[in-house]
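Work through the exercises below with the model open. Try each task before reading its solution.

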Amino acid sequence: MSIWEYANPKKFMQTSAWALPWAVGLTVILLIVGLVWGFFFTPDDYKQGSTVKIIYLHVPSAMMAINAWVMMLVTSLIWIVRRHHVSALAAKAAAPVGLTFTLIALVTGALWGQPMWGTWWAWDPRLTSFLILTLFYFGYIALWAAIEDPDTAADLTSILCLVGSVFALLSRYAVNFWNQGLHQGASLSLDKEENVSDVFWVPLLVCIAGFVLLFVTMVLLRTRTEIRSRRLKALLARERVA
Amino acid sequence: MKALLLRDLRLAFRSGGGFGLGLAFFFLLSVLVPLGVGPEGGTLARIAPGILWVGALLACLLSLDRIFALDHEDGSLDLLATAPIPLEAVVALKALAHWIVTGLPLTLIAPGLAIFLNLPPAGYPWLILSLLLGTPALSIIGAFGAALTVGLRRGGLLLSLLVLPLYVPTLIFGGEVVRRGAEDMALGTPLALLAAISLGATALLPFAAASALRVNLR
Amino acid sequence: MLSTSDLAVARGGVTVLQGLTFAVAPGQALILRGPNGSGKTTLLRTLAGLQPPADGTYQLPPDSVAYAAHADGLKSTLTVAENLSFWSEIYGGHPIDQALTLLNLTQLTRRRAGELSAGQKRRLGLARLLVTGRRIWLLDEPTVSLDVASVALFADVVRAHLKTGGLAVIATHVDLGLPEATTLDLDPHRARVIQTTDFDEAFA
């Protein structure tokens, strides 16, 4: 059986209907366990005090903000190459979710930065990149919203996503070049494991898994809604002719 | 091919308005900023590179929607798409025409406006050079945005929303060249990167823009 | 030679015409008839290569088509001669004088297109066909806003085009009096059942 069978709307609706309850349940369990563990059962950091605990929201949402865009890029490519409608609709469904994660990362970052750096906002490369990523999400969502014909919208937003990804990478590089910044380095890479001790690390991993599943759940739900709305439009169009 | 470029230039000159408006906007911005920021020369000198680049970028943005919208309205875009010129070349030529009537004049008047903003003398050659290298990227990226939004009624505002994030790298490297130039610092890297963006965008974006146009004409 | 086989065309993702199989030989004209919204324009745009067919195929020689849409594609700030020479240069530099004469525009060459009447604009739009040097003309309501004399003038131009081995597909309600023309009624080909991609089966 080919993986492309899941790109068939009917097959997708069946599979996602089966998978959704599991995804929702797992998301809830992982998020509750991870967040409660992280917030209440980890020691305060010797330097940062209890403010450090915001990483359980900040790090996973920042990761998902980027992963959501990557997922949109992949699904856009699948739409351009193989013309699977589900793929285009999944990209459309993922965008607002990705935007929300980006905003959460920005807001939690500001809340964390205020006590740490003494400022809500700094034009640090990472912060600036996320701000620019927000702009890309806005543009992408606005383009979907502006075009009436769904296939035209899917084509144009896919092209924008492709070109946008190149320019987003360029911006990331440009911003690095432009300001060296005060944000701490990635604290999760394997070779830097000593940055974060296991006490913090394990609940963080649980939170990250929870956020990944949260993303999957939301995208599945939203894609199902999009498919239903396409079906509805098709039925209405048929009624008008008959 | 030459005919298309000449036609677009002739149309731009005959209809007036279009590109003169961009220059006037650039001028106004350079006058208004000191009024808002205050007359202190040191402050102005420090922000001059950024203001001049942002001003050029916004002035360029003003006329982007005209690149394809006018041809779309009167039907010439359909006819051009069925003509023996590849649509990619149409995009490139229209972006070139846009650059000649906006980017180039903006580059030429920028040194004059830099006087208002108290740009240090060492910055002038780099201001001209950075705009000369960077404004083609603004035109071709703008043409891509215009191709995406050509069929839409509220296209103008959406066009800004789509194009401005794409302008970020050009703006950063362009402003950086002038800032470093004004402070007598090494600027080879940002200058090379700015040129690379212009070249890369000119080489690749006509294809993306042409496919967007084909979708929009469908 | 232009031919289609089981061609279906779609507008906005909805199939409007289907099962079109016809052939037009050099020297022939095909008149498309059908009420508004029946898909005449969509069919012509598909044949012109502006949109892909929804189903079926069509064959025509490469680089042989000149398309004249509803809109004439004129630039109001350019003169009649400038408008026409632009298209002539785009299509490889055919002289414009004969086209101006045939469509009775010689008096107006230095007039700006924006100052022309609706019928004069249309004549200029049609003169564009002559400077393309293309064999296959796809014409969408070419006689709109033309007076009786101009329609006759235009019919002569089409007749001359057919006589020199050209062919034309014309969507029109006006009888052009072309003896070589066959009429294709689009009504039987209108798509009754809407096929909207593969979303139907999503809830089968």
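Predicted model: local features only at pLDDT ≥ 70, side-chain atom pairs only at ≥ 80, totals over all residues.

Residues are numbered from 1 along each chain as its sequence is written, chains are lettered from A in the order in which they are written, and side-chain values use heavy atoms, without hydrogens and water.

**Exercise 1.** Describe the interface of chain A and chain B.

*Solution.* Start with contacts (heavy atoms within 4.5 Å). 27 residues of chain A touch 29 residues of chain B. Next, take the buried area, the accessible area (1.4 Å probe) that two parts lose on being put together, summed over both. It is about 2300 Å², with 81% from carbon and sulfur atoms. On the chain A side, A:L156, A:F167 and A:F177 lose the most area, together 26% of what that side buries. Finally, look for salt bridges (a side-chain nitrogen of Lys or Arg within 4 Å of a carboxyl oxygen of Asp or Glu). The rule finds one across this interface. B:R218 pairs with A:D155, closest N and O atoms 2.9 Å apart.

**Exercise 2.** Is each partner of the salt bridge between B:R214 and B:E88 buried or partly exposed?

*Solution.* First, the distance: 3.3 Å, N to O. Then apply the classes: buried is under 20% relative accessible area, exposed over 50%, partly exposed in between (1.4 Å probe, protein chains only). B:R214 has 41% relative accessibility, so B:R214 is partly exposed. B:E88 has 18%, so B:E88 is buried.
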